[in-house]
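Take a look at the picture first, and then let us walk through it together.

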Amino acid sequence: AMLHGFTGADLDIVVGRGAGLSDEGLKLKKDVISKAIEPHKPNSSDPIDVLSKVGGFDIAAMAGTYIACAARRIPAVMDGFISGVAAILAYRLCPEVKNYIFPSHGSVEPGTKIMMDDLGREPLMYMNLRLGEGTGAALGERGGLTPGEEVAQAASPKHGPRFLSLPGIWEAPAVSDGKVALATAAHPDDV
């Protein structure tokens, strides 16, 4: 509902099957979202209006995590559809945040492309996943390191300059203490 509220994109493009809804379940999901949006009519140019009318505390908390990470110069790994919606909320509240948000994977959910376009980001990989919950970050293991560990290692003083650049994928300013947060983390020190 929030992605539609932010972008106005058609529900057929925004809403997907998730982890495997039937045709009947998908139709019901779209109907529920449509009924939630219709009476509230969120203002797409006001992120707090969208959040208050069709969002939830979970998304607000994740958006706050992204903003807190950016304020502390800690990159955050975005993993999954809901964390992507939270990233858009954080970005719309504070545009500088997007420099610290790194999508782990591009989902087969149809709204994922809209999210990536809105954030101006490309995911580290495309693996036809339909789950968030850290699966993209975990499956992104390359050379024994998860994408988050690669960010932390590449940005640490002992591994060269405190600027991270993966050509053609993304760039990030220096990070504090080489820490990386996951969007689902309660606090960056817990990672």
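## A threonine to start with

Thr-112 is buried, with a relative accessible area of 6%; buried means under 20% relative accessible area, exposed means over 50%, and partly exposed is in between, using a 1.4 Å probe and protein chains only. You can find Thr-112 in helix α7. Helices (H or I, at least four residues) and strands (E, at least two) are DSSP runs, numbered from the N terminus.

Which residues does Thr-112 contact, leaving aside its neighbours within four places in sequence? They are Phe-81, Gly-106 and Ser-107, where contact means heavy atoms within 4.5 Å.

## What you are looking at

This is a predicted model, in which local features need pLDDT of at least 70 and side-chain atom pairs count only at pLDDT 80 or more, while totals for chains, interfaces and linings use all residues. Residues are numbered from 1 along each chain as its sequence is written, and side-chain values use heavy atoms, with hydrogens and water left out.

The protein chain has 9 helices and 7 strands. Of its 191 residues, 46% are buried. Among contacts with a separation of 6 or more, 59% join residues 24 or more positions apart.

## Helix α7 and its surroundings

Helix α7 has 7 of its 9 residues buried, so it is largely enclosed by the rest of the structure. The buried ones are Gly-111, Thr-112, Ile-114, Met-115, Met-116, Asp-118 and Leu-119. They pack against several elements, including α1 (2–7), β1 (76–78), α6 and β3. Just after α7, Gly-120 takes a positive phi of about 65 degrees.

## Two partners of Thr-112

Phe-81 lies in helix α6 and is partly exposed, with a relative accessible area of 26%. Phe-81 and Thr-112 are 31 residues apart in sequence and 6.9 Å apart in space, C-alpha to C-alpha. Not counting residues up to four places away in sequence, Phe-81 also touches others, among them Leu-3, Val-14 and Met-115.

Ser-107 sits in the loop between β3 (105–106) and α7. Is Ser-107 buried or exposed? Ser-107 is buried, because its relative accessible area is 17%. From Ser-107 to Gly-80 there are 27 residues in sequence and 7.3 Å in space, C-alpha to C-alpha.

## A cavity inside

Rolling a probe the size of a water molecule over the atoms shows where empty space is left. On a 1 Å grid over the protein atoms alone, a cavity is a set of points where a 1.4 Å probe fits but cannot get out, and lining residues have an atom within 4 Å of a point. Grid points are joined across faces, edges and corners, and a volume is the space filled by probe spheres set on the points.

The count comes to 1 cavity of 30 Å³ or more, and the largest cavity holds about 40 Å³ of space. Its lining consists of Met-78, Gly-80, Phe-81, His-105, Ser-107, Thr-112, Met-115 and Met-116. Helix α7 (residues 111–119) gives the largest share of that lining, 3 residues.

## Two helices side by side

Helix α4 (residues 47–54) and helix α6 (residues 81–93) pack at an angle of about 145 degrees, with their axes 9 Å apart. The axes are lines fitted to C-alpha atoms, for helices over the stretch in contact, and angles run from 0 to 180 degrees between N-to-C directions. Where they meet, Pro-47, Ile-48 and Leu-51 come from α4, while Leu-89, Arg-92 and Leu-93 come from α6.

Key
1 Å grid on protein atoms, 1.4 Å probe; cavity = no way out; pocket = protein on both sides within 12 Å on 5 of 7 lines; lining within 4 Å.
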